[in-house]
Amino acid sequence: MKHGIEKSAEGSMGLLAPVFDAPLERFLLSNGLTVIHRRVSGGLVAVQLWVKTGSIHEAPNLGSGLSHYLEHMLFKGTARRTAPEITAAVQAAGGDINAYTTFDRTVFHVEAPCEGFATAMDVLHDMAFHSLLADGELAREKEVILREIAMNNDDPDRRLLARLYETAYRAHPYRLPVIGHEAQFRTIDPATIRTYYKSRYTPDNMTLVVVGDVELEALELALENTFAKEPRAQSSSPVIPGEPPQLAPRRVRMTGDVTLCRGSMAWKVPGIGHEDSPALDMLAAILGGGESSVLSQNLRMKKQLVSEIDASCWNPGKKGLFWVSYSADSGSAEKVEEAVQAEIEALLKKGISAEDLARVRRMALAGEIDARKTVSGHASRLGLSEVVVGDLLYPRQYFLALDALTPADVVQAGLRYLKNSGITCVSLDAEGAAHRTHGALLRAERAEPEIRILANGARIVLQPDPTLPKVHLRYGGLGGPLYETRENSGATALLATLLTRDTASRDAESVSRIIEAAGGRLEEFCGNNSFGIAMELLSGDLDKGLDLFGEALLSPRFCKETFAVERDGQIARIREDEDDISERGRLLLRRAFFREHPYSRTANGSIEALERLSVRDMQAHYERLVKAGNAVISASGAFDPDRLVPKLEAILARMDSTPFVPAEPPFAGPVRTEMSVRMEREQAIVYRSYAGTGIRGDDYLVSEILDEYLSDMSGPLFVAVREEKGMAYFVGASRMVGLGSGMFTLYAGTRPESAAAVRAEFDKVLADLAQRGIPTSELARAKTRLKARRRLATQTIGARANSALLDALYNLPILTNAQYDRQVDAIGAEDTRLYARAHFAGETCVDFTIGPELAAAESVLTSAPERPR
């Protein structure tokens, strides 16, 4: 053990020391509420209220979804605030408020500029202890949650997960859905939920976590004005049933309206605090935690049995599941399950190499650092340790145990728990598929982005930030649908993937092993206008990563076998999207809106086009797009510019310097279209789309503000459609943003019979905007929210590298947050009115509905465009 601890000082614990050794306060209020505080500089704060109640604590109403229902209701008004005023108060302070419920906890969380700290504390306290749970709101929100239950039933992945829990557990409440069974949920009356609220939302059953730029003295003052006022009370202590041992395999085969087979295999394992937990985590990572993992290499790349596969260890509380999830061709569930079991048996028999254990240990270390990049992520780690594990120092002990692990320890954990007699297999396949039965972080000022232009036209953007020992490198170029035809649609996305695989001197497995051994990631990205690759790794491994990064860009090898696997994987993702009503709806809407323009196609392309592509096509597409004049490398993180820049310049200097010709075909705008498509699901989704603004447009920021306003949970659309009329579970706005054009969309998930009524509400909201714009007070809140959203969204080095890269690539100024704020502040209500009149007031829009069979009046298609071939 001494050897393991000494080793950790040079490894995991050395890098994690700034996190684990930072000052941390934990104390109890006189009423029993636990408070955790850590100061992290940076101008932001996360305030999280962890209530130790979830779906497993609902006896005698297990399976009713009481905890989730109550989470929703705490947003529906208190003695001091109406439902819209709760969200509005936080957003006016520049913050974002939300919540989630799971098996063992309900968490309410606010992330905001530190100036909004007092507001966050006041609102969370008000919600937690003084919610009204009014009869009318209870009835309306019950309808909303019924829509959410229906949407879950329409989601193939959620259906699979629910059945997995239901099959693996026979007695423990994990077998029951957190949201509840519909029939039981309908029986909840006001008295039941009010009793549950009083018995579970007591100070002694809560933990408040505050992480950010807030001094302890300010926290203590805020506590005196909020949570400390509440009297001590004893929470109820429901008995949670145990789970009898599983003595034989369990298998369930489901079928439905899907095109791909999805499956999960699970074994029961002990909880997160058990001494075997670190070994099981490492085993999951070796089996299915990355491109170089055993299952990915053998079943995806070599045997091509699956399109996606991964393994993980889910073990909150005192018990959990070790599971493998996959997607594959229809009818292959049994073959995949047999292959997975064979791979596990072979691995445990052969043993695990020290190299593999070191690689996944490094991945775990990088993951721990990644989890603390933001104040919200940092607070979540502390809350998890305190509430779920029961000890704030658990992460330190976990990594000490991780460093002391031997390959034999990992193998023994696998042999102990991954037994065939304890397996649970569940799959969802297409109808008719055949199966056989059986201390505060040190504050480091972030430098403003610096851009350097090389003689060949390539550009480098630098953002040094030594806060955490990681570096993010991101290469990007113009690409995507604008640079494709109907015949090679999806080629750019496939090219981006292949750039992260084989190189001239290394095969795809070797590439994955090198980057994962450095605790890093090498990933592709592709969107409507751009593509590229991104690498993030620990600072000490930067030189090793740069060699690989350069080789990926300059000498990719388009191997036939890898090409076939990745093309089939992209096709599988398209098919998976076709099973999801939201994804399919967005795709069909886009086709109807953009018609023959390239933006009618998504980055993933079409199955027909991908099946026609060849390795030669990939080489040709690479030669067209990967040129110096179309290259930007953005670097962010803990690096020395004087050392990094010459190495990046050496990579870019070797790129093809022949001229690159940007593509930007004009878009004449949509034609008036009313269209409905039948898809057998419980819910319908209603869309209304207008011509939007491209990212280079003069009124782009105005469209951002309108998007924020129309997506606001206290805004007119949400209040009218969901809060007042209870017609939809989700409602909001979204934009598809191109370079010179775009699409601005309103949407709502609703009952099929309510589609026309939802569109009527769209009309009312947009007509009001065209007449008077956004009201002054609401405009101020939308601006505050938008500015805060940018600060919150750019906390991580990866996000900052991506933002700067896209600005440089699109020839836009790389704005600091202060510059962005000034531009947003310059926009007035009249600007929003003029935008609404120009874009929303006319008849030229696309109305599109997807869902089950609609009323006769809904099933029309007028002025419909020809469907792209």
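**Local features of the predicted model**

At 91% relative accessibility, Ala455 counts as exposed, where exposed denotes over 50% relative accessible area, buried under 20%, and partly exposed the range in between (1.4 Å probe, protein chains only). The model is predicted, so that local features require pLDDT of at least 70 and side-chain atom pairs count only at pLDDT 80 or more, whereas totals for chains, interfaces and linings use all residues. Residues are numbered from 1 along each chain as its sequence is written, and side-chain values rest on heavy atoms, with hydrogens and water left out. Ala455 is placed in the loop between β12 (450-453) and β13 (459-464); helices (H or I, at least four residues) and strands (E, at least two) are DSSP runs numbered from the N terminus. The C-alpha atom of Ala455 is separated by 27 Å from that of Ala504, a residue 49 positions away along the chain.

Backbone geometry was examined next. Most residues other than glycine have a negative phi, and most peptide bonds are trans. Ala59 and Pro60 are joined by a cis peptide bond with omega of about 10°, and Pro60 belongs to the loop between β3 (44-51) and α3 (66-73). Leu133, a residue other than glycine, has a positive phi near 50°. Leu133 is located in the loop between α5 (117-130) and α6 (135-154) and is buried, with a relative accessible area of 2%. Asn811, also not a glycine, has a positive phi of about 60°. This residue, Asn811, occupies the loop between α30 (797-809) and α31 and counts as exposed at 60% relative accessibility.

Helix α31 (residues 817-825) has the buried residues Tyr820, Asp821 and Val824. Viewed down the axis of α31, these buried residues fall within an arc of 100°, so they line one face of the helix; the arc is that of the directions from the helix axis to the C-beta atoms. An α-helix has 3.6 residues a turn, so residues three or four places apart point the same way. The buried residues of α31 are covered by elements including α26 (700-711) and α29 (776-793), contact being defined as heavy atoms within 4.5 Å. Ile827, in the loop between α31 and α32 (829-839), is buried with a relative accessible area of 8%. Beyond residues up to four places away in sequence, Ile827 touches Leu701, Val702, Ile705, Leu779 and Lys783. The C-alpha atoms of Ile827 and Arg672, 155 residues apart along the chain, are separated by 30 Å.

In helix α24 (residues 615-625), the buried residues are Met618, His621, Tyr622 and Leu625. Seen down the axis of α24, they fall within an arc of 105°, so one face of the helix is lined by them. The packing partners of these buried residues of α24 are β14 (470-478), α18 (491-499), β16 (530-538), α20 (542-554) and α21 (560-579).

Ser327, part of strand β10 (residues 319-328), counts as buried at 6% relative accessibility. With neighbours within four places in sequence set aside, Ser327 is in contact with Cys261, Arg262, Val306, Ser307 and Glu308. Phe718, in helix α27 (residues 716-724), counts as buried at 8% relative accessibility. Residues up to four places away in sequence not being counted, Phe718 touches Asp712, Met713, Glu723 and Val731. The C-alpha atoms of Phe718 and Gly732, which are 14 residues apart along the chain, are separated by 6.8 Å.

The largest cavity has a volume of about 40 Å³. Its lining consists of Gly692, Thr693, Ser703, Arg735, Met736, Val737, Gly742, Met743, Phe744 and Tyr835. Two or more residues of the lining of the largest cavity are given by each of β20 (728-737) and β21 (742-750). A cavity is a set of points, on a 1 Å grid over the protein atoms alone, where a 1.4 Å probe fits but cannot get out, and lining residues have an atom within 4 Å of a point. Grid points are joined across faces, edges and corners, and the volume is the space filled by probe spheres set on the points.

The structure holds zero disulfides, a disulfide being a pair of cysteine sulfur atoms within 2.5 Å. Cys526 counts as partly exposed at 26% relative accessibility, whereas Cys845 counts as buried at 5%.

Conventions
1 Å grid on protein atoms, 1.4 Å probe; cavity = no way out; pocket = protein on both sides within 12 Å on 5 of 7 lines; lining within 4 Å.
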